[in-house]
Amino acid sequence: MLERSTLVALIVVLGGALLLAVLNQATAAASAMHVPTYVIALAGKYLCFAMLALAVDLVWGFAGILSLGHAAFFALGGYAMGMYLMRQIGTRGVYGNAELPDFMVFLGWKSLPWFWHGFEWFGFAMLMVVLVPGVLALVFGYLAFRSRVTGVYLSIITQALTYALLLAFFRNDMGFGGNNGLTDFKDILGFNIQSDATRSALLVISAIALCAQLLVARFVVRSRFGKVLIAVRDTEARTRFLGYRPESYKLVVWVLSAVMAGIGGALYVPQVGIINPSEFSPANSIEAVIWVAVGGRGTLVGAIIGALLVNFGKTWFTGLLPEFWLYALGALFIFVTLFLPRGVMGLFTRREKLAPEPEAETPTASAAHEVTG
Amino acid sequence: MLRLPAWLMLVLLVLAPLSARAQETDDAYAALAGSAGIPSAAGFDSVRRGVEQLATSGDPRAAVVIGALQAGQLYARADRALFIKQPDGSFVDARSGAPAPDAAGLRPVRLNNAVRSAIDAALGSLRLFAPDAATRLAAAEAVFKSHDPAALPALTRALAKESDAAVKTRMQQARAAALLSSGDASEADRLAAVAMLRARGDIDARGFLASLSGQPQSVATAAAAAITAIDRQLQLWSILQSVYYGISLGSVLLLAAAGLAITFGVMGVINMAHGEMVMIGAYTTFVVQQLMRAYLPGIYAINLLLAIPLAFLVAGAIGVLVERTLIRWLYGRPLETLLATWGLSLVLQQAVRSIFGANNRDVDTPWWMSGATQLGGLTLTWNRMYIVLFAVLVLAALMAALRYTPLGLRMRAVTQNRRMAAAMGIRTPWIDALTFGLGSGVAGMAGVALSQIDNVSPNLGQGYIIDSFMVVVFGGVGNLWGTMLGALTLGIVNKFLEPVAGAVLGKIVVLVLLILFIQRRPRGMFPLKGRAVET
């Protein structure tokens, strides 16, 4: 049984993507109904961002973990996909080297580094899309939750994590293309990555993936597991005293969220055509948090709405008034936190009680005071 | 033979009653003309001898003449009189420097490779007698690098005349190196030379000693021992240098984090716009410098001293404004504060970009802050030294302000027990605003210091925000001593990792270590204890 907001979201995302794809494929370029390919790519990009937002909402909205480094998982998934796409270039690169990607030839490398092996197989690459962010999240989360790092401290070390990865991926020696990242992709599973048909297909696949993620996330938070999770978010100490192990619950949802972000990143790369270390920048992760805040924290559907709204706004503003976008984004951060604590969803959903009530707490400025909300 | 009359003239000159030194000089000048006209082996040989003689003659015009010869501007007349072609095409007499009215029939003095290398050596040893001490020092160093035994006579004479102690030491070292390279020095001399180089103790001395070969057994043993000693010494200096770099980086981190220790450490406000307060301080310095250059050029040298209080006021005022309009609505909701202040940082960055442009702005370093001093094997740059000093002063002032001023007393009271403080008549909202202003003002002062060592751009603050938070969390929230120790530890660990792992990888390693550290000690090195901690 699905509630109305989820149902509407599923229909709009899937139907919208299909409609765009059909209008792009079935109509002539001159027709008024025709959807240009750049719109298809843009829509696909938004849907991938929506997956990242969904992942952030799952941990922030339901487990109280404010991650300022979720874009790291997104980017890692993207790099795994990028590596597969690089291996598909084969001899069509600038240097025509069948074995090595262009940047390695340029850097004078003689053989493929060990961690690049296997990425010529699509299945292996897809496994890595899930495994790499998942394992990183598992190790990081295990260490963090076991020693009860919570609240702001956790936020700051997640930010440090993505910052460290940013610095690492900028290095040429890392073997991931350094500053330029991975680009110049040719085809995916034999289909030309530039063609309209492939792009339309990727858009529809992204929409399906997003809907699947929404259903999985919804299932998780509605289950018994999800109820404990919400209890952990609201009063972690009390949940612990009731005999639950909050760290295990957090760890499971944290890893799940990282994998969701990784899948979003993997679908993002073929549609954008490039992945570089700037995807790891802490600003990206914080932007993802604001998408969730705009849509409404702890509502899942709100995260998708927020991601689509803010990114559409970004495209629109940067086209219209490029100078103005950072003012607008900054003002959005301030406005939403001050005046719209429950986001866009809070404006028109009153019946659903998934969202937490904004805590009416007495102002306290104690140094060690911690509120997860 | 065409030149026969010239030789006769020379003989006449030689016979003239001159001092031996002057006669040597005359010989030299005459020999220099040897290769004018048709080149011949004997002619070049004569020029080479002339160069060598002139170099050791002590003639005041020797450097000019040999320099002209090197540049191909030395000309000879048929009677072997020498002239230098000036850049404007006129000629002067080489010997006297007087203008030469008649420039007919001149031929350039030609060079071959043997002459050229003689010129190089001669110019080197000539500079050993230069009136300027710095030139002599450089010349002695050049001889040390070449360790050419041919320079020995010149060095010996220069040493006899030398009065500057530093130059003299350098010349002795050069002489030691030349002695060891020459074939005919006694074993005792060689041992003394090795001891001299061991005392010098730097990487060049080590390199030279390591390159020695064909020495007597005792000298070779002494050289090997000297190399070991120098290695130990160099290692010690490099450790000290790393410590100094670490302290320097630590003081920068401390400056950036000191304000955060107030806003985050004492008030518990996550201010992601803290870096932008630092950036505003740096831009205040820029504006102060521009204004002073325009209106007060007379006291321009003290612009930084003026910029420090101004940066404190500007950033502090912005801090108070931010607290009153934004932060105060978000107390007790740290994650929302984080997001709102991040938004604020975007707005501030873009505002500065709109006003000052996206490019880096030039901020001068005053003369009294530029340069460096050498302390043993350490190079200490003045600007870094001043920043270390400034960081210490800022921290001391901050601690004093919290401990001894009425405002500090109230701040501590509000932090420890807000309700009780309010009951005692303290206007807590006002104290909140002032505390936030103090933290922001300190960040502004840090910006003045950072403008001296970093690019002043709208992104200046972003580079420091993560580091600052790390320092505060590492040191223990709410503890200024912890902040200081955290900054210094991070700085020194960073600088010791850098040579091993490289700059970027070193930073990554530090970040990973910090992440692991926070897992072990989530409340930092010096956690607050007592009832104030509500876990």
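These legends describe views of chain B in a predicted model.

**View 1. Overall dimensions of chain B.** The C-alpha atoms of chain B fill a box of roughly 115 × 60 × 35 Å along the principal axes. The radius of gyration of chain B is 35 Å, whereas a compact globule of 535 residues would have one near 24 Å.

**View 2. Helices, strands and contacts of chain B.** Chain B holds 21 helices and 6 strands. Among its contacts with a separation of 6 or more, 69% join residues 24 or more positions apart.

View 3. Helix α7(B) covers residues 152-161. Its buried residues are L152(B), A154(B), L155(B), A158(B) and L159(B). These residues lie on the same side of α7(B), because they cover an arc of only 155° around the axis. On the other side, P153(B), A160(B) and K161(B) are exposed.

**View 4. Packing partners of helix α7 in chain B.** Which helices do the buried residues of α7(B) pack against? They pack against α5 (113-126), α6 (133-146) and α8 (165-181) of chain B. L155(B) is one of the buried residues of α7(B).

View 5. Chain B has an accessible surface of about 24,600 Å². Carbon and sulfur atoms account for 63% of that surface. Of the 535 residues in chain B, 47% are buried. Chain B carries 45 positive and 32 negative side chains. The centres of these two sets lie 11 Å apart.

Key
Residues numbered from 1 in each chain as written. Chains lettered and ligands numbered in written order. Predicted model: local features only at pLDDT ≥ 70, side-chain atom pairs only at ≥ 80, totals over all residues. Heavy atoms only, no water. Buried < 20%, exposed > 50% of the residue type's maximum accessible area, 1.4 Å probe, protein only. Helix = DSSP H or I, 4+ residues; strand = E, 2+ residues; numbered from the N terminus. Arc of directions from axis to C-beta. Contact = heavy atoms within 4.5 Å. Rg over C-alpha atoms; globule rule 2.2 N^0.38 Å. Areas by Shrake-Rupley, 256 points an atom, 1.4 Å probe, with all protein chains shown as cover. Lys, Arg positive; Asp, Glu negative; His and termini not counted. Charge placed at Lys NZ, Arg CZ, Asp CG, Glu CD.
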